[in-house]
Amino acid sequence: MMGETLPSASTEFRPRVSIEQVEEGTDLAPRFDVRGLLTVVTTDAESGDVLMVGVMNAEALARTIETREAHYWSRSRQCLWRKGATSGLIQHVIEMRIDDDQDALWLRVRTAGTGANCHVGYRSCFYRRVDLPADEVVSASSAELVFCETHKTFDPAAVYGDAPNPTQL
């Protein structure tokens, strides 16, 4: 469930003391942005497909490490979010990597249930591509989207009921 109460997670990480420590050391010393967030790219552990991009605050990162289930910070709802808490489509973390300056994460996951990761019902949040024909000049205002996934893996209305849609205009 969104905003669920979980056991208290430690949000203390190692202090950042040197470039050598951050880039070449073994200390997890993440650098959160001014809003206290890290960008997270999540991919399928088997196929390598990009499933979603989200953010974590310190608590979400700590809970992900402790439970090995992906937790994120929901910017639209302003709360901690355990992926799959409502839908059952829990992301089980197979591998977690952090980039060179420790300000971005890469999660490789296996997703429970139908394997969907998108609240719209598709397997990946990246279910459309921007059409860039090689023989045409396309402007930003005329660019069109093409569906890459042909069907939804679940019906969002059946799973989420009347819960508010997290997409903001």
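**Figure 1. Pairing of strands β1 and β2 in the predicted model.** In this predicted model, strand β1 (residues 38–44) pairs with β2 in the antiparallel sense, over six bridges. Within this pairing, V50 of β2 stands opposite T43.

**Figure 2. The four-stranded open sheet.** The strand order in this open sheet is β2-β1-β6-β5, and the pairing is mixed. Its edges are formed by β2 and β5 (91–98), each of which pairs on one side only. On average, and with direction ignored, neighbouring strands of the sheet are turned by 25° against each other.

**Figure 3. The β3–β4 hairpin.** Strands β3 and β4 (residues 79–82) are paired in the antiparallel sense over four bridges. Y72 has W81 in β4 as its bridge partner. Four residues lie between the two strands of the hairpin, and Q78 in the turn has a positive phi of about 55°.

**Figure 4. The two faces of strand β3.** In a regular strand, side chains alternate between the two faces of the sheet. Strand β3 (residues 71–74) is covered on both faces. H71 and W73 are buried on one side, while Y72 and S74 are buried on the other.

**Figure 5. The largest pocket and its lining.** The volume of the largest pocket is about 820 Å³. Its lining comprises 32 residues, and those nearest the centre are S76, R77, W81, H119 and P166. Two or more lining residues come from each of the elements β2 (50–56), β3, β4 and α3 (156–160). The largest share, four residues, is contributed by β2. By class, 16 lining residues are nonpolar, 12 are polar and four are charged.

Note on methods
Residues are numbered from 1 along each chain as its sequence is written. This is a predicted model: local features need pLDDT of at least 70, side-chain atom pairs count only at pLDDT 80 or more; totals for chains, interfaces and linings use all residues. Side-chain values use heavy atoms; hydrogens and water are left out. Buried means under 20% relative accessible area, exposed over 50%, partly exposed in between (1.4 Å probe, protein chains only). Two strands pair if DSSP finds at least two bridges between them. On a 1 Å grid over the protein atoms alone, a cavity is a set of points where a 1.4 Å probe fits but cannot get out, and a pocket is an open set with protein on both sides within 12 Å along at least five of seven lines; lining residues have an atom within 4 Å of a point. Grid points are joined across faces, edges and corners, and a volume is the space filled by probe spheres set on the points. Ala, Val, Leu, Ile, Met, Phe, Trp, Tyr, Cys and Pro count as nonpolar, Asp, Glu, Lys and Arg as charged, and the others, Gly among them, as polar. Axes are lines fitted to C-alpha atoms, for helices over the stretch in contact, and angles run from 0 to 180 degrees between N-to-C directions.
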